[in-house]
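Thanks for coming. I will take a few minutes on one model and go through some parts of it.

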Amino acid sequence: MAEENKKKAELKITGMTCAKCVTTVEKSVKRLDGIVDVKVNLSNETASVEYDDSKLKIVDLEKVIKDAGYGVVNEKTTLKIGGMTCATCVATVEKALKKLHGTTDVNVNLGAEKAYVTYNSKITTISDMKRAIEDAGYQYLGKEGKETEDVEKKARENDLKKKQNRFIVGFAIGIPLMILMYLPIHLPYFMPYVMLIVATPVFMYVSLPIFKAAYRALKNKNLNMDVMYSMGIGVAFVSSILGTFEIILSRAFLFYEAAVMLASFLTFGRYLEARAKGKTSEAIKKLMGLQAKTATLYRDGEEREVPIEDVQINDVIIVKPGEKIPVDGIVIDGSSFVDESMITGEPIPASKKKGDNVVGGTLNKNSVIRFKALKIGRDTVLSQIIRLVEEAQGSKPPVQRVADSVVSYFIPVVLTIAILSFVIWFAFIGNNLLFSLTRLISVLVIACPCALGLATPTAVTVGIGRGAELGVLIKNGEALEISEKLTTIVFDKTGILTKGKSEVTDIVSIEHNNKELLKFAASVEKNSQHPLAEAVVRKAQEESIHLLTSEDFDTIEGKGVKARVDQKEVLIGNKNFLERKGVSFTKDINDKIIQFENEGKSIVIVAVNQKLSGIIAIADTIRETTIDAIKELKKLKLNIVMITGDNKRTANAIAEQIGIENVLAEVLPKDKADEVKKLQNNGEVVAFVGDGINDAPALAQADVGISIGSGADVAIESGEIILIKDDIIDVVAAIQLARKVMSRIKQNLFWAFAYNTALIPVAAGLLYPFFKITFRPELAGFAMAMSSVTVVSLSLLLKRYVPPAKRETRKPEDTVTGR
């Protein structure tokens with residue numbers, strides 16, 4: 001092995017607990033061909049590996065460790081990049097970053113102009129990445145999350161200004177030259193020399209960035225849009241010079257106006273494209289703008305304003321009316337209304353008092369509050385949302401693979417078509433050199449891989465950003481694509497279709513009056529944590545009933561409870577439990593129980609000293625928007641399933657009220673994932689809607705896990721789609737948004753493919769023998785410039801999209817950030 005191929009890597013490993021784990025990792029790594037030495041340290045959980053990088057890469061080492069059942073810790077960073085124009089630029093940057101020793105995954109988003117890099121910080125640094133990007137011929141504009149917004153903004157504005165100046169100068173000279181060439185007058189003999197003198201400096205000024213980019217691409221062994229376009233305008237200009245001096249070519253070959261106009265059209269198109277692309281990431285910029293810059297700390301009886309970075313956990317912070325809450329925490333003094341619309345999308349301010357949680361980035365409305373900081377920096381809800389949206393915008397849905405695959409073959413194919421069109425027209429058909437050369441130039445400048453490269457990332461970036469504004473967090477592009485293919489959606493009942501807060505609805509007393517019955521029941525149930533028990537105790541408290549002390553409390557077989565209250569034995573549970581304890585039921589009571597269960601209510605039966613004392617019916621209220629949401633989902637042709645632990649009679653009754661025909665009843669929480677798997681085995685593409693805490697296995701098993709949050713306390717980690725508001729109508733909105741984004745991606749790809757497949761043959765002269773139709777190079781250049789702008793503009797229309805399900809509930813005061 002050559003010494004220059006020997007590399008050393010240090011990997012941080014998780015999941016090792018003993019010496020056996022060390023041996024397992026070492027053996028697994030040593031099996032790889034190219035390993036020189038492996039040393040695993042259990043105490044600091046690292047593996048030091050020497051290997052031959054001509055045979056192995058870091059990603060191979062990580063894969064074998066993960067396959068052995070352990071984890072590898074890497075860092076992630078987002079880099080801002082300038083100068084990318086097409087899908088080939090994306091491939092070039094990805095290739096440059098992947099070459100670095102230590103990068104394990106690179107994903108470049110052309111629309112957002114960012115690179116999302118997973119890397120080992122002990123091997124590769126940000127400086128290495130900066131150098132790789134610049135060596136590939138692109139601009140490194142800084143790392144996301146640092147104070148680089150101004151740098152990025154200035155670089156973008158400077159780039160736009162330069163492009164604007166170039167195309168203005170180009171059109172100012174190109175248009176008069178074009179008019180001169182089209183006027184039906186005989187030009188003086190010296191006019192070509194005048195055109196040469198006028199056109200040359202303008203052509204060099206306008207086309208210099210194009211030729212520079214082409215040179216960098218060829219230097220990196222890439223064929224991209226700039227190479228193709230440079231060939232087109234280069235051939236046009238060189239032919240004009242040869243024609244001017246009548247070297248080989250005659251003066252019929254004067255393309256000065258075409259060369260200048262082509263360069264100007266490309267620059268103009270890229271100017272419009274750059275302006276449009278700058279708008280695709282506005283949603284993330286708005287989220288970042290919510291972050292407070294300073295906080296007012298209360299220490300030793302004094303107020304002191306400090307930068308947000310200096311806030312520590314457990315610091316006491318004062319927030320006055322009109323100020324942003326700087327970090328997440330809990331109110332310890334005062335009360336106020338807080339506008340949380342920028343996080344939850346809920347326009348009505350939430351009341352906050354002592355003991356309530358507050359979230360960084362929200363706005364205090366009308367009173368002074370003091371709160372204790374609990375989450376700071378990267379751990380705040382707002383920071384997590386920003387990070388999730390950024391990562392999601394950088395992801396690639398599977399449909400993009402089609403475009404990426406086409407682009408890799410696109411330019412070689414177009415170059416072949418351009419050369420063949422010239423050869424066929426000139427050598428085989430026998431047309432003149434001027435016509436054949438014009439066909440060559442037209443094909444080179446009309447082909448546009450940019451539109452294909454921008455079709456997916458711009459729609460994903462704008463669509464996911466729009467979702468964040470609507471309170472729908474989509475974690476990746478794959479979730480978008482699968483959501484479009486869903487056939488079945490499974491809802492957990494408690495807390496999703498219902499409010500999750502049980503309430504006593506009916507009391508039937510037999511041996512005692514209602515208050516006496518509640519007193520006995522609540523005196524026992526206060527010892528239980530069961531939701532039904534809590535509902536009974538809550539009802540007794542509402543009725544101001546004084547509870548008695550209970551003794552010998554015991555839970556029996558999960559069917560009920562018993563205790564002694566006021567020297568009497570009290571039994572509480574379901575009918576089977578009480579019957580086994582010798583309590584008898586009359587036909588009227590049995591009928592009443594069945595009636596309550598048919599109404600979707602849970603039954604708590606109370607017996608005192610072996611005699612039936614009464615029945616308490618408890619119901620979990622259906623959410624206000626549940627019935628409407630189910631109706632909307634049915635319109636989307638989805639199969640709706642409700643899953644619950646309730647008995648079949650109660651479950652069916654609730655499902656009937658809601659409008660759901662398919663019910664899976666008496667399912668234990670641990671078995672929900674198995675039920676989802678059964679549906680998948682039957683060929684269904686399943687979404688599971690749960691609360692993200694109790695339903696984690698089912699959310700993970702589903703093709704798409706949709707986690708309904710509870711406003712600002714949303715669990716970011718759960719599901720592929722997270723709904724910040726606990727409103728079930730947002731489930732419909734999420735699916736409608738995903739379908740809209742995928743529809744727009746397909747629309748973009750259709751136009752990009754249609755443009756190229758329709759116009760390249762026309763530019764090559766396919767229609768000329770039949771209809772005498774050809775493309776002049778200038779018009780070909782204009783069409784090319786507009787194709788990319790069209791695709792980006794179509795994606796930007798998603799910024800205004802409101803899912804139909806939200807249109808009915810959306811209030812006039814809602815804005816793009818929810819306020």
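On the face of helix 21 turned away from its buried side sit two exposed residues, Lys631 and Lys635. Please keep in mind that this is a predicted model.

Now the other side. Helix 21 covers residues 626-635, and its buried residues are Thr626, Ala629, Ile630 and Leu633. Viewed down the helix axis, these buried residues fall within an arc of 100°, so they line one face of helix 21.

What do the buried residues of helix 21 pack against? The partners are strand 19 (488-492), strand 25 (611-622) and strand 26 (639-643), together with helix 16 (493-497), helix 22 (648-658) and helix 25 (729-763). After helix 21 comes Lys637, which has a positive phi, near 65°.

Next, Met784. This residue lies in helix 27, residues 777-796. Is Met784 buried or exposed? Its relative accessibility is 2%, and the cut-off for buried is under 20%, so Met784 counts as buried. Leaving aside residues up to four places away in sequence, Met784 touches Met225, Tyr229, Leu266, Val445, Ile446, Ala447, Cys448 and Tyr755. Between Met784 and Cys89 there are 17 Å, C-alpha to C-alpha, while in sequence the two are 695 residues apart.

Last, the annotation. An unreviewed UniProt entry lists "domain: HMA" for residues 7-73 and 75-141. In the model, residues 75-141 are 33% helix and 36% strand, with the end C-alpha atoms 20 Å apart.

Conventions. Residues numbered from 1 in each chain as written. Predicted model: local features only at pLDDT ≥ 70, side-chain atom pairs only at ≥ 80, totals over all residues. Heavy atoms only, no water. Buried < 20%, exposed > 50% of the residue type's maximum accessible area, 1.4 Å probe, protein only. Helix = DSSP H or I, 4+ residues; strand = E, 2+ residues; numbered from the N terminus. Arc of directions from axis to C-beta. Contact = heavy atoms within 4.5 Å. UniProt positions renumbered as here; feature names shortened; annotations may be inferred.
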